[in-house]
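Here is a short tour of one protein chain, written for someone new to reading structures. Keep the picture open as you go.

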Amino acid sequence: MIVQQTIQDKLKQRFKAEFLTVENESHNHSVPANSETHFKVTIVCEEFEGLRLIMRHRLINDLLSEELAGPVHALAMHTYTPTQWAEKNQISPDSAKCLGGGKG
């Protein structure tokens, strides 16, 4: 869980998140066992207030540029302000099922 921990540590250091999860979803894809290639991040942060979704994602993409250029193939991001998170009943959406690699 080196990549997952690195992502979590970087997000914790950069943002004052009220809520943060980093989930390794690689097992849902056609990759070798114990891979760290597909992740889902849910982050709730006051700093996102007034920022459009694309800007929130750019902040995270910039922060994780090294991981995205290397081991991380896919990163699902769910970025919320505290108000938005409350409106979502503190639930982020499930990721779509992988249809690649012969899965159907």
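## The order of the elements

In what order do the elements of the protein chain run from the N terminus on? They go α-β-β-α-α-β-α. That pattern holds 4 helices and 3 strands, where helices (H or I, at least four residues) and strands (E, at least two) are DSSP runs, numbered from the N terminus.

A bit of housekeeping: this is a predicted model, in which local features need pLDDT of at least 70 and side-chain atom pairs count only at pLDDT 80 or more, while totals for chains, interfaces and linings use all residues. Residues are numbered from 1 along each chain as its sequence is written, and side-chain values use heavy atoms, leaving out hydrogens and water.

## Overall size and surface

The C-alpha trace of the protein chain spans about 40 × 30 × 20 Å along its principal axes. For 104 residues, a compact globule would have a radius of gyration near 13 Å, and the 14 Å of the protein chain agrees with that. (The radius is taken over C-alpha atoms, and the globule rule is 2.2 Å times the number of residues to the power 0.38.)

Of the 104 residues, 37% are buried. Buried means under 20% relative accessible area, exposed means over 50%, and partly exposed is in between, using a 1.4 Å probe and protein chains only. Now take contacts, meaning heavy atoms within 4.5 Å: among those between residues at least 6 apart in sequence, 61% join residues at least 24 apart.

Let's look at how the strands pair up, which takes at least two DSSP bridges between them. Strand E1 (residues 17-24) and E2 are joined by 7 bridges and run antiparallel; here Leu20 stands opposite Ile43 in E2. Strand E2 (residues 38-45) also has 7 bridges to E3, but these two run parallel, and Phe39 stands opposite Leu75 in E3.

How much of E2 is buried? The count is 8 of the 8 residues, so E2 is largely enclosed by the rest of the structure. In a regular strand the side chains alternate between the two faces of the sheet. In E2 both faces are covered: His38, Lys40, Thr42 and Val44 are buried on one side, and Phe39, Val41, Ile43 and Cys45 on the other. Strand E3 (residues 74-80) has 5 of its 7 residues buried, so E3 is largely enclosed too.

## A lysine on the inside

Lys40 and Leu75 are 35 residues apart in sequence, yet their C-alpha atoms are 5.7 Å apart in space.

## Two residues with positive phi

Most residues other than glycine have a negative phi, and most peptide bonds are trans. Asn89 has a positive phi of about 55° although it is not a glycine, and Gln90, also a residue other than glycine, has a positive phi near 55°.

Where do you find them? Asn89 sits in the segment after helix H4 (82-87), and Gln90 is in the segment after H4 as well. Asn89 counts as exposed at 61% relative accessibility, and Gln90 is exposed with a relative accessible area of 56%.
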